[in-house]
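Colleague: I'd like to learn how to read a fold from its coordinates. Could we go through one together?

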Amino acid sequence: MLYEMIAVVRPGNIKEVKEIALKAGTLLLQNGGVIRSLTNWGPFLLAKPVKKHQQTHDSGHHFIMRFDSSPEVQATVRKAIAIDPRMIRCGVVKMVGGDKLVGEHGIRGMSDIGAEGPIWRKMDRDRRATSIWKDGLTS
């Protein structure tokens with residue numbers, strides 16, 4: 001299965017970010033996973049202050065790792081990364097379409113969208129949330 005891990009590390013030291021990414025990558029490779037990409041987004045302000053490990057954080061260093069693995073290995077990596085005191089948040093998303101490419105440009109994940117996500121959301125007549133993208137309207 002193809003997964004995308006979005007991790008937020010406490011800001012200030014790029015060495016910590018590299019160590020956590022290396023730890024996640026090593027765990028994946030040792031358990032038969034394949035790393036497809038690793039993207040460093042750098043430091044960003046968080047949407048709201050987050051309390052983690054008895055500290056309050058208002059910014060974090062973000063990185064994205066896209067990888068193939070079994071669900072068991074994905075859960076192991078997520079748990080190992082989440083208990084690290086340098087981590088603020090970590091989320092893993094299963095990519096739609098699995099191993100096959102979807103659409104003209106392949107599978108789009110958070111690392112592809114970056115800061116150009118939905119500009120805003122509005123409710124249509126059927127009371128469904130609709131995202132308005134720069135390149136058009138999608139549901």
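Colleague: Which residue forms a salt bridge with K23?

Modeller: A word on the source before that: this is a predicted model, where local features need pLDDT of at least 70, side-chain atom pairs count only at pLDDT 80 or more, and totals for chains, interfaces and linings use all residues. Residues are numbered from 1 along each chain as its sequence is written, and side-chain values use heavy atoms, with hydrogens and water left out. Now the general idea: a salt bridge is a side-chain nitrogen of Lys or Arg within 4 Å of a carboxyl oxygen of Asp or Glu. Here K23 has D84 as its partner, with the closest N and O atoms 3.9 Å apart. The two lie 61 residues apart, K23 in helix α1 (residues 14–30) and D84 in the loop between α2 (71–82) and β4. Those helices (H or I, at least four residues) and the strands (E, at least two) are DSSP runs numbered from the N terminus.

Colleague: Which residues are linked with D84 in a network of salt bridges?

Modeller: The network links D84 with E19, K23 and R86. Between R86 and D84 the closest N and O atoms are 2.9 Å apart. In total, this rule gives 6 salt bridges; another of them joins E16 and R10, at 3.0 Å from N to O.

Colleague: Is D84 buried or exposed?

Modeller: We go by relative accessible area: under 20% is buried, over 50% exposed, and in between partly exposed (1.4 Å probe, protein chains only). D84 has 7%, so D84 is buried. R86 is buried too, at 17%, whereas K23 is partly exposed at 32%. In the other pair, E16 is buried at 14% and R10 is partly exposed at 27%.

Colleague: At what angle do the axes of α1 and α2 cross?

Modeller: Axes are lines fitted to C-alpha atoms, for helices over the stretch in contact, and angles run from 0 to 180 degrees between N-to-C directions. The axes of α1 and α2 cross at roughly 155° and come within 10 Å. That makes the two helices roughly antiparallel, since angles over 145 degrees count that way, under 35 as roughly parallel, 65 to 115 as roughly perpendicular and the rest as oblique. With contact meaning heavy atoms within 4.5 Å, the residues that meet are I20, K23, A24, L27 and L28 of α1 and V73, V77, A80 and I81 of α2.

Colleague: What is the order of the strands in the sheet?

Modeller: Two strands pair if DSSP finds at least two bridges between them. The open sheet has 4 strands in the order β2-β3-β1-β4, with antiparallel pairing. β2 (34–52) and β4 are at the edges with a single partner strand each, so one side of each has no neighbour in the sheet. On average, neighbouring strands are turned by 20° against each other, direction ignored.

Colleague: How many bridges join β1 to β3?

Modeller: There are 8 bridges between β1 and β3 (residues 55–68). Among the facing residues, A7 has F63 as its bridge partner, and Y3 stands opposite F67.

Colleague: Why is β1 described as largely enclosed?

Modeller: Of the 8 residues of β1 (residues 2–9), 7 are buried, so the strand is largely enclosed by the rest of the structure.
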